[in-house]
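Here is a friendly walk through one protein model, meant to be read with the structure open beside you.

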Amino acid sequence: MVGIGPDGKEHMLARVSIVNEQGDVIVDCYVKPQETVTDYRTEISGIRPEHVNKGVDFKTIRELVRQLIHGKILVGHALKNDLMVLNLKHPKYNIRDTSRYRPIAKKAGSFGTPSLKSIAYVFLREDIQDGSHCSVEDARAAMKIYMLFEKEWEKSALPAWIGAMGSD
């Protein structure tokens with residue numbers, strides 16, 4: 001994300017990256033600014049004006065993401081922020097947010113919301129976000145962490161009534 005507004009504190013989408021369960025890139029593209037960018041946050045985001053100036057139109061990428069995630073489990077870290085800048089909603093029961101799943105924070109020894117950087121190191125022994133962030137690297141790390149917890153997570157995500165069903 002890049003910063004907009006007088007002080008650059010408001011967020012605007014600048015790059016979208018989606019990977020599958022194997023970490024293969026499905027989408028990775030820069031997004032044209034819809035408003036004047038006042039802070040590219042290059043030291044953190046890695047985003048530069050030349051990236052977004054040649055980017056995809058916001059409406060086009062928003063629609064592509066909407067279609068790709070529709071009816072699917074969406075995995076990521078702090079997904080609320082990503083969905084907010086995309087102006088998208090996704091059913092809570094289909095969201096797997098590594099920043100919100102308590103067993104991850106607990107096993108990582110975090111008392112609050114763990115950073116993706118910290119849990120990637122604890123669970124994957126990967127040092128990510130060293131310098132500027134890469135959204136593909138972040139997406140892959142979140143997916144790998146989800147896959148480590150997938151069985152336990154999905155078991156806890158099932159509605160209670162499913163366990164009470166019976167059939168012949």
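This is a predicted model: local features need pLDDT of at least 70, side-chain atom pairs count only at pLDDT 80 or more; totals for chains, interfaces and linings use all residues.

**Overall build**

Seven helices and seven strands make up the elements of the protein. Starting at the N terminus, their order is β-β-β-β-β-α-α-α-β-α-β-α-α-α. The C-alpha trace spans about 60 × 35 × 30 Å along its principal axes. Of the 168 residues, 36% are buried. If you look at contacts with a separation of 6 or more, 52% of them are between residues 24 or more positions apart.

**The largest pocket**

What volume does the largest pocket have? The value is about 1400 Å³. Its lining counts 42 residues, and S17, L79, D82, S135 and A139 are the closest to the pocket centre. Several elements give two or more residues to this lining: β3 (15–19), α1 (42–45), α3 (58–69), β6 (74–76), α4 (79–86) and α7 (135–157). The greatest share comes from α7, which gives seven residues.

| Residue | Relative accessible area | Class |
|---|---|---|
| D130 | 63% | exposed |
| R41 | 15% | buried |
| A78 | 24% | partly exposed |

D130 sits in the loop between α6 (116–124) and α7. D130 is classed as exposed because its relative accessible area of 63% is over the 50% cut-off. P91 is 39 residues away from D130 along the chain, and the C-alpha atoms of the two are separated by 32 Å.

Now for the backbone. Most residues other than glycine have a negative phi. R41 is not a glycine, yet it has a positive phi of about 50°. The loop between β5 (37–39) and α1 is where R41 is found. With a relative accessible area of 15%, R41 falls under the 20% limit and therefore counts as buried.

A78 is also not a glycine, and its phi is positive at about 55°. You will find A78 in the loop between β6 and α4.

Technical notes: Residues are numbered from 1 along each chain as its sequence is written. Side-chain values use heavy atoms; hydrogens and water are left out. Helices (H or I, at least four residues) and strands (E, at least two) are DSSP runs, numbered from the N terminus. Buried means under 20% relative accessible area, exposed over 50%, partly exposed in between (1.4 Å probe, protein chains only). Contact means heavy atoms within 4.5 Å. On a 1 Å grid over the protein atoms alone, a cavity is a set of points where a 1.4 Å probe fits but cannot get out, and a pocket is an open set with protein on both sides within 12 Å along at least five of seven lines; lining residues have an atom within 4 Å of a point. Grid points are joined across faces, edges and corners, and a volume is the space filled by probe spheres set on the points.
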